[in-house]
Amino acid sequence: MLFNSLQYLVFLPTVFVLFWITPHRFRVPLLLVASYVFYMSWRPIYGLLIFGLTLGNFLLVPLIAKATEQKDKKWWLGVVVAANLITLGIFKYATFSLITVKDTLNLFGVQFREPHLHIILPLGISFFVFEFIHYAVEVYRGKPLVKKFFDFALFASFFPTQIAGPIKRYQDFIPQLDIPAKFKWQYLDEGMQLILMGLFKKVLIADNLALVSQAGFSHPGNFSSLDLWLITYAFAFQIFFDFAGYTDIARGSALLFGYKVPINFNLPYIASNVADFWHRWHISLSTWLRDYLFIPLGGSRCSQWKMYRNLFITMTLGGLWHGAAMHFLVWGAYQGILLIAHREYSRLLEKSGLAKSLLQSKIYHAVSVVVTFHFVCIGWVFFRAENMQDACAIISQLVQAPAALLHFSMQQLSVLQIRDPIVFPALLIILPILMIAQPVVNWLNDKRFYLSPPWALQVGVMVALMCLLTIFSPDSSPRFIYFQF
Amino acid sequence: MSTERAVVDNALPAQPARRIKSTFLLALVLFGALNFYLDFNTPIPFDQYRFPVKGWAWWAMNDLRTSADVHNVVLLGSSLVVSAIAACDANYHKKGLDLTQYHKAAYLDHRLRTTFGGSFSTFNLALPGQMPSDAYLALRAMVNCAHRPDVVIYGIAPRDFLDSTLSSPVDTEPFRYFRRLVNLDDVANWMFRTPLAKLDWFLQRNFYLYGKAMDFQLASIELTTGLLSGLLPVPAGGKPFTWWDRTKLLPNYLPGEIIPNAVMSTPTTLKEALAAYSDNTKEYQARYKSPDPLTYKTQIYFLREMAKFCRKERIELIVVNMPVTIENAMILHPQVFYNYKQAMRAICDQDKITYFDLCDFDAFRVPDFHDTVHMNAFGGTKFLDLLVQALTVDMRAASALALAGKELDRHFFAESRPDKRPRLH
């Protein structure tokens, strides 16, 4: 069931009404049933998978808590983490692993024909497996167990966050289930505002930009280097609005039931360096990677070399988490290298004793934002390209852009030749607006404008969004990008 | 963690006492009121014939609408009919035919004229993928735009009733266009099978903005294109971007769209036709894989509705079971194929529809086909010859056609426009 479907338009209000008319003690079972209906509407058999994993984790994790010896605790933690990762591995990485083995053996002249596995990736598996691992590690670290099975099952399967996060923390989520909340109009208003805004981001911005990136990344040879920059920018905004839109709908849907789930984005494209970017992009994943991968590997409390190694491993595996393909692995490694380079650059700046006033100047900050955005965009090429060959071809074109700019003419822009779909030439207007919108929204955030906008403005914006979404909702909107992960 | 929690908590700030209970409910009421108002005070007169996807159905209706010709016979059916007529006519005219513009059946007209006398002007409203539900809508759309034919010849085949790749009548390309032209109220229960499809239909009927979404989209695209042409004109001297370029870059954008010269039917020799034969068994194995009894029932319902509509409009309906190869029929279980033929005959008898079964495996063999179901020029010619022969034998069909021929003749003379008479070949 997609958030931007008629099915969800029926499902969500139904569950919402049932939830608030149901006595508190039946609300968790109700949401649990709703979450399984939501999940099984796609492929009913995978309901067994999520149930099996939930039951397994619910039964095994207490063994970590019960173990008296540290060695036993570690052993049981290893069992739980391994069981979760093996499940993820079978569904997500088995085919990729076999192909990699085949390619490696072929390099040495050994012929190996990999079996065809016919595995369909269950939706959201990467997200709920990470939630289970988080739970196991936190219990290992001494945090309390979840006593009620229904609470635990709902934590894993809660339909607003089930398919593409945000990755929740059980300490934040479970206590909310016990509070016998009373209905507040504020839940409805804020929840629906988030849902409408999320749909706007997805349907009106991301889906239109998707046409550009689809054409550009599948046929890079048809475009000039300047076109490819525009296409890369388009993808940067497409993936942001697609995922941020999804997160808004997820948060809004949860809020309708009075539950809060963490934010995932905080204006990532105004980041002034790549570390800052990762504090603003997919926050629930980056904090998960920090807490359950980077820190267990040794974190930053070790030698510099080891810290860089940890950073590189964390980001590379983070890349692989996005998908079982070489270009995701390279994207992750690229992010790792950028983070290491950023640390080295910061150290160099500190050593060089450059004037603090210069580093804190607005001009330096603005240049840093632009440079960071472009480094991130180059990363998106690896992320979006269909394979490594295409990614390299696109990047080799992108680096030629300065030379193309020296003798710039409008004829270099193939996007201007395309009038159907009209979004191609419109990029020259849309992209600057989206870019300027980021600092403007940041400024409004600073002014705390969103905390108490005038009610007439809220109503006006909501009516406008309802009209726009009614008119421009396509018959078949593409799936959210992060569904595939 | 601490920053995250802070941000999450900020999502619901303590708000000052509210003047209104719920801004969302107010917005919802205003939105409903706006729709209600627009339902009665339409601000923009939209053209229902406009459609973003210029597919087979759009081109056929566009041709019909813009043509001043009177058509006394109309052909309905799927690609089996399109292929047979187009290939036959390309050879008959000895020139390539652009199927976005060409919706005639010149050879059939010639044969009808020489057999029944009078004048014949056939409009070929057969469309690839057309199922009985689409054929029914196409005929109603034709009558709606003041083109009532005297005779309908409808070519059917098992695929039209059993296609596993189409789960509902609303899945076809012709449906999406014809739903704009025809009021579906009386058949909505059969068209929209699932509760969600029914809800969607209800919303389209009752919410102005949702029902007119496509018109608003078209208007906004037009407006944006106009604005951008002024602001960012197409640079001179660049390589023009064609429809062909677009279909290569974005194969899934506007699926089903065709443009002039994109689909041509060219004259062929028998040798060329034999060499061009391609085996599409796999495609039909998928189509016949799991026939859905409800789809079958639904399509039978629309065949009968068409018969009812024809009776009401005093149109003579002739149903023809189209020839397919024995290889294709064998993909279905022999009993299924036999049952289908029997059922068609029984329904047509029951509803007093003239029915001809021209699926004769002895008369039509592989050299008559492009693939296992679509006839080539030679098969098409043979099919039309056999059809006219069958029509001659059937007294009711023969008299309907003779009358239709005379009527059109009379019309031309009454209009005193001999130039408008179809040329005799």
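Predicted model: local features only at pLDDT ≥ 70, side-chain atom pairs only at ≥ 80, totals over all residues.
Figure 1. Of the 485 residues in chain A, 54% are buried. Chain A contains 20 helices and zero strands. Its radius of gyration is 24 Å, close to the 23 Å given by the globule rule for 485 residues, so chain A is as compact as a globular protein of that length. Along the principal axes, the C-alpha atoms of chain A fill a box of roughly 70 × 65 × 55 Å. Among the contacts in chain A with a separation of 6 or more, 75% join residues 24 or more positions apart.

**Figure 2. The interface of chain A and chain B.** Contact involves 55 residues of chain A and 58 residues of chain B. Between them the two chains bury about 5,300 Å², and carbon and sulfur atoms carry 70% of that area.

**Figure 3. The salt bridge between Arg246(B) and Asp420(A).** The closest N and O atoms of this pair are 3.0 Å apart. The count of salt bridges between chain A and chain B is one. Polar contact across the interface is found for 11 residue pairs, with both residues at pLDDT 80 or more.

**Figure 4. Helices of chain A on the side that touches chain B.** Two or more residues each are given to this side by α1 (6-21), α9 (185-218), α10 (225-256), α12 (283-294), α19 (423-446) and α20 (455-472) of chain A. The largest share, 12 residues, comes from α9(A). By residue class, the side of chain A that touches chain B comprises 33 nonpolar, 13 polar and nine charged residues.

Technical notes
Residues numbered from 1 in each chain as written. Chains lettered and ligands numbered in written order. Heavy atoms only, no water. Contact = heavy atoms within 4.5 Å. Buried area = accessible area lost by both parts, 1.4 Å probe. Salt bridge = Lys/Arg side-chain N within 4 Å of Asp/Glu carboxyl O. Polar contact = N/O pair within 3.5 Å; in protein donor to acceptor, adjacent residues only side chain to side chain. Helix = DSSP H or I, 4+ residues; strand = E, 2+ residues; numbered from the N terminus. Nonpolar A, V, L, I, M, F, W, Y, C, P; charged D, E, K, R; others polar. Rg over C-alpha atoms; globule rule 2.2 N^0.38 Å. Buried < 20%, exposed > 50% of the residue type's maximum accessible area, 1.4 Å probe, protein only.
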